[in-house]
Amino acid sequence: MSSDRKIGLALGGGGAKSFAHLGIIKTLQENNIPIDFLATCSGGSIIGSLIACGIPIEDIIKEFYLTVKKVNWLRPKINSRGFFSQQNIKDILHKFCENKRIENLQIPIGIVATNLNEGCLHVFTEGNLADAVCASSALPGIYQPVEINNKLYIDGAIMNSVPADICRERVGKVGLVISVSLDEKLNVEKIRNNTFGIVYRSLYIPIMAKRREVIMKNSDVNINVFEGRDFNFSNWKDTLRFYSESKMREFYLKGRKEAIERIDEINKLVKH
């Protein structure tokens, strides 16, 4: 690999499914493939920020397994802006990363969130890490918006779930961008033909189309971990299953499997 070629890793949103990112990163580490820049969104920001802090994958897994009680992750915080607290996310980040600022991490990172006031994408590249991660993963209706500098921020997936374009901007045209998407596929034959199913699918179609466009235009490698699963509300609920050790292990192993199947391709591109 030429000395000026950088590797960017875009980690998509997916809540607890983001444990698949750890399986992919573990495979990259085993093959001595460096990560020069991370662009992350939502659940990908939780995982990516810990990696950017230099925390070993085994320690991350162990810590999440210690907090698998459902009552911990679905801790009520019912108000007019959200149902559950993000305190567990904050606790894990504070334990491993203390009060670190984004600009001081071992690996440079851009954390994607949606500016609710201005209706636009925002990429945090400096400031308090825990605040930015909570903002990036504040799923509307589930978690309340996060206020930073007098502005409200919500989940970055509203605007850009797999920020491959942010990676491309950072590593340049000669860089290598690896994107990891956690979306399921739209099954053309299975449509839940009722009001909820139609509305749910309709809301996500333009979002998923935008994600595919960003990924295709900016990625050298796209690992779509859950492309074999159907997009439906039942599978979507896996995003909340941080309280299930078996689910997190399943997602981690799925990420490992997908990365191992693509590692020869990635190695060739790295050495190109």
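**Close-up views of a predicted model**

**Strand pairing around strand 8.** N115 stands opposite Y153 in strand 8. Strands here are DSSP E runs of at least two residues, helices are H or I runs of at least four, and both are numbered from the N terminus. Strand 5 (residues 109-115) and strand 8 (residues 151-155) run antiparallel, joined by three bridges; strands pair if DSSP finds at least two bridges between them. This is a predicted model, where local features need pLDDT of at least 70 and side-chain atom pairs pLDDT 80 or more, while totals for chains, interfaces and linings use all residues. Residues are numbered from 1 along each chain as its sequence is written, and side-chain values use heavy atoms, leaving out hydrogens and water.

**The hairpin of strand 7 and strand 8.** Three bridges also hold strand 7 (residues 146-148) antiparallel to strand 8, with I148 opposite K151. Two residues sit between the strands of this hairpin, and N149 in the turn has a positive phi of about 50°.

**One face of helix 5.** Look for N88, I89, I92, L93, F96 and C97, which are buried in helix 5 (residues 87-97). Down the helix axis, these buried residues fall within an arc of 130°, so they line one face. The arc is taken from the directions from the axis to the C-beta atoms. Buried means under 20% relative accessible area, exposed over 50%, and partly exposed in between (1.4 Å probe, protein chains only).

**An aromatic cluster of F19, F64 and Y65.** Ring pairs link these three residues. Rings of Phe, Tyr and Trp (its six-membered ring) pair if their centres lie within 6.5 Å; planes under 30 degrees apart are stacked, over 60 edge-to-face, and the rest tilted. By that rule there are four aromatic pairs. In one of them, F19 and F64 have ring centres 5.4 Å apart and planes at 80°, so this pair is edge-to-face. It links F19 in helix 1 (residues 19-30) to F64 in helix 3 (residues 57-65), 45 residues apart. F19 is buried at 0% relative accessibility, and F64 is buried at 1%. F19 also stacks with Y65, at 6.3 Å centre to centre and 25° between the planes. Y65 is buried too, at 18%.

L121 lies in strand 6 (residues 120-124) and is partly exposed at 31%.
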